[in-house]
Amino acid sequence: MSLSNKKNKLLDESEIKEKIHFIENNFLNFDSTYEVITQDELNAKVRRYGELELSENTEKKDIDEYIYWNYVALEQSNVKQKDDIFAKLENALDVLSTRDLKKYFKSSSVLKYARSKKYYDRSLEVIRQFADDFSKINEDNFVSSCVPVYIPSAITFFVDQLFIDGTPNWQDLSSISRLFLMPIKYFEEQLQIQIDDYDDEENILYLESLRTIFESSFNVYHPSLIYAEASSVIKGVPGNVAYRIGNAYMRGKDLPLDKSKARQWFSYGMVVGDPFCTMAFIVYFLDLSIDSEMESESELTDLYTLLINCFALVRYIKTTKEQHFLSFEPVCGKGKDLEEQCLFNILALLNSLKFDCDYESVPFSMPMEIFDDFLDILIENLQESPKSYRLKAAVALFLEITGTLEDDPDLLNEIALALDLNLNKETEISDFLFDFIKEGLKEKDSYSLSAYVCLFCLYKGSFDKIPKKYLHVLAKQGYAKASFLLGNLVLEEHGPDDSALSYWEQAAEQGSSFALLNIALGAVINNDMDKAEAYATRAINYGNILGYYVLYKVYESSNSKLAHTYLRYAAEYIFPDAIEEYKHLKATGAYCPLPFMQLIEEMEELAEDNPQACLILCDMYHSGIFLPANVEKAFEYQQKAILNGYTSFFGYYQSMYKNAFPLDTPQSSYFPTFRKSLNISFNFMMDDKDDSAHDNSPAIYKMKDIINKLVAGKTQLEKDITYNLYHSEFWANTPSLKKKQLKGMDVKPDYQLLSNLRKNLVKGAYSVCFNNISEKQLEDSKKVLSLCDRLNEVKTKSSSDFDLVSAFMFIRSYSMPPSYNVFKEKIMKGKFSGSIISCLFTAMDFSLLSCEDCNIAVKDRSTDNEPLDSDVFVSNIVQ
């Protein structure tokens, strides 16, 4: 489906929205049933809630209803009605703000006071006095006293009215913004963020506060990040009403579905201190580009910052006796304790980073370093929520990863006493932790089972030793590794039968690449090469590089050149069987890969004494286009280029090479390790010849031949590599190639389409692609639209990227209401293909948001997989 009409004219926004809705609805394959409010229903609501005579004595809940329904009426009214409705909203916000701030001035109206030029200087003084009283903070004692960071909605209304006419006084506005943003900087100091070049003004709370409340300053200092359209937020609206308005936009109920406006309202609600808005912002819009431990520190810190502040908000409203200017209830629908939910998510995040993602450290402080009484808070919440099995599981793992029980043995007794647990002097810490989660195990609580797996592997043995009774429960709950292992165990005990193969098939559908691989091997043994090729490709799509060796076996008889090329790729990953066969074929002269690979190997021979060939191979391994990306080999060819006479980029090489030596220490042997000496330029050791003195033509001509052979290739492998090459910097930076226009290069392969779409969904840019929040994201949105256009044509429906796209589309689509429950079911699949964000969101729980979900029915899809034959032997590869 194209985003232009039959006459090749660009579609207008409404037509594009309609097409995207059609595409997304078909891709997600679900029916959403929700009722859009009719004009008659809206009029009735306004008559009931929106026409009260408001006064200082009007109950807060009545004013909330008044604001909400008048805002809905404002957004759906004609131009003539808007001024009258807006005046009603201003009046309601004035009543609330005046009530909250009456301590600071005698006026009966904040609105009139702020708009009076006569009281301008006095207004500034009032705001400063309020800031001093409200913050009650200093650098030494801030979060430890459970003071969260937020800007009261009454103050946002006051400031907005103060600067409503004309250009604001920049000096005054800057002064006020500093007063209310300074606590965020203290908050960051408490978190002890340890990220190189981290700018505290890039912190998510700081940015969103500046963007939402002080947008005039934000637009000056961050012009590339401003909203593409004016914000729909009306300052002064209480946080709980902001959440309600954001949900209405998010789901298209009461208000037209508009994710950009939903983002604006959730951001505002988060800034004025509503934890529900904070959770909604995390789930629907926060940049979650957490792909690796080395590249995700800022995004991970933003997530942790919001979770900590969310918990501090709830804790603050439960413990403070002073006026807090917050508008949410600590106990929400169905009797769920909001503090328990927020506390659980903090612990779940930290536990998952350690146990699921193998993080050795995190770039921020642990909770007990932020809250002085955090361990007391844990015990208190355990007492208040005795049936919260997930909280017990999270606490057990948290105590383990922090070593708290070892450092403070008395805490063991405190917890046992508080929860009425049996404890004696001989009780080991491990026994206590297992006993701590046993009730959750009896109830088959998924979080308790996950905790059991972590503790078992830590104290009792490897995963394959877990008792079968738990493996069966884990398998039913979507734990791919358990299903895979059950297939192994049945295979060992009974040989290949229907029962064993059903577990493998279940594991494959749950995202186990090893199950896919073993089914592929079984198909090879059974000489079913079509099935073997399909499953091996799926295994590769889930990151299992052993699939290349299976593809070698698949094509060994039918296409030896393609088979040998896949064998070379398998050997690149140091797979012993592949290396042995690769060497054997080379030694016997039988090795004959596709022409482009043959030329690459000739380039490797040329690189023995040609520095240009070394640099080309270095680029190949660095880019991962022609060969699998390999930093070690790229580094090795850099070194070879220097040894063969290239010196111009020695400084770049040297800056990395110095890290190969030990840290600077007193000389303990004849050879010193003083790294700083490697910072000195070595030019004085080199002669005057430059790199151009070498004959580069053999390597350059060889590279041209490689490219020509790729472009002429007929296999899908060659076409995919050509596409990557055509869209790479290598092609763009090579004059002779840049002029070449290849046919078909505007149609992305499935994996590239899914990869780009996944990045935009996880980044939080996709759902706001029309009314975008930054110029950079606006550029991304064009890519998203082109991807969306072909989304239903994707044939690769079994890959880690496809799973993540399928999951995140349920909460971050452009045109469909979200369904957190379906997202939660689907995101677990990514956990077993190495996705960090899948691990984190499987561990955490934001189900409080799901009570707002519309009724959604996911349609059944017929599986694309053939039934497995019971007589196929499946190789027993232990994961």
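Contact, as I use the word today, means heavy atoms within 4.5 Å. The model is a predicted one, where local features need pLDDT of at least 70 and side-chain atom pairs count only at pLDDT 80 or more, while totals for chains, interfaces and linings use all residues. Residues are numbered from 1 along each chain as its sequence is written, and side-chain values use heavy atoms, with hydrogens and water left out.

The overall picture comes first. The chain has 44 helices and 2 strands; these are DSSP runs numbered from the N terminus, helices being H or I of at least four residues and strands E of at least two. Of the 879 residues in the chain, 55% are buried. Buried is under 20% relative accessible area, exposed is over 50%, and partly exposed is in between, using a 1.4 Å probe and protein chains only. Among contacts with a separation of 6 or more, 69% are between residues 24 or more positions apart.

Next, helix α20, residues 409-419. Its buried residues are Leu 411, Leu 412, Ile 415, Ala 416 and Leu 419. They sit on the same side of α20, because they cover an arc of only 135° around the axis, the arc being that of the directions from the helix axis to the C-beta atoms. The face turned away from that buried side carries two exposed residues, Asp 410 and Leu 417. What covers the buried residues? The cover includes α17 (374-384), α18 (389-402), α19 (404-407) and α21 (429-436). Just after α20, Asp 420 has a positive phi of about 60°.

Is Glu 339 buried or exposed? It is buried, with a relative accessible area of 0%. Leaving aside neighbours within four places in sequence, Glu 339 contacts Phe 311, Val 314, Arg 315, Lys 318, Pro 330, Ile 377, Asn 381 and Glu 384.

On to a helix pair. Two packed helices are described by the angle between their axes and the distance between the axes. The axes of α6 (residues 120-135) and α8 (residues 170-191) come within 10 Å and cross at roughly 10°. Axes here are lines fitted to C-alpha atoms, for helices over the stretch in contact, with angles from 0 to 180 degrees between N-to-C directions. The two helices are therefore roughly parallel; that label is for angles under 35 degrees, with over 145 roughly antiparallel, 65 to 115 roughly perpendicular and the rest oblique. Residues of α6 that meet α8 include Tyr 120, Leu 124 and Ile 127, and on the α8 side they include Ser 175, Ile 176 and Phe 180.

Last, aromatic rings. Rings of Phe, Tyr and Trp (its six-membered ring) pair if their centres lie within 6.5 Å; planes under 30 degrees apart count as stacked, over 60 as edge-to-face and the rest as tilted. By this rule there are 42 aromatic pairs. Tyr 113 and Tyr 119 are stacked, at 4.7 Å centre to centre and 10° between the planes. Tyr 113 is buried at 7% relative accessible area, whereas Tyr 119 is partly exposed at 33%. Tyr 284 and Phe 285 have ring centres 6.3 Å apart and planes at 75°, so this pair is edge-to-face. Both of these residues are buried. Together with Tyr 243, Phe 266 and Phe 276, they form one aromatic cluster.
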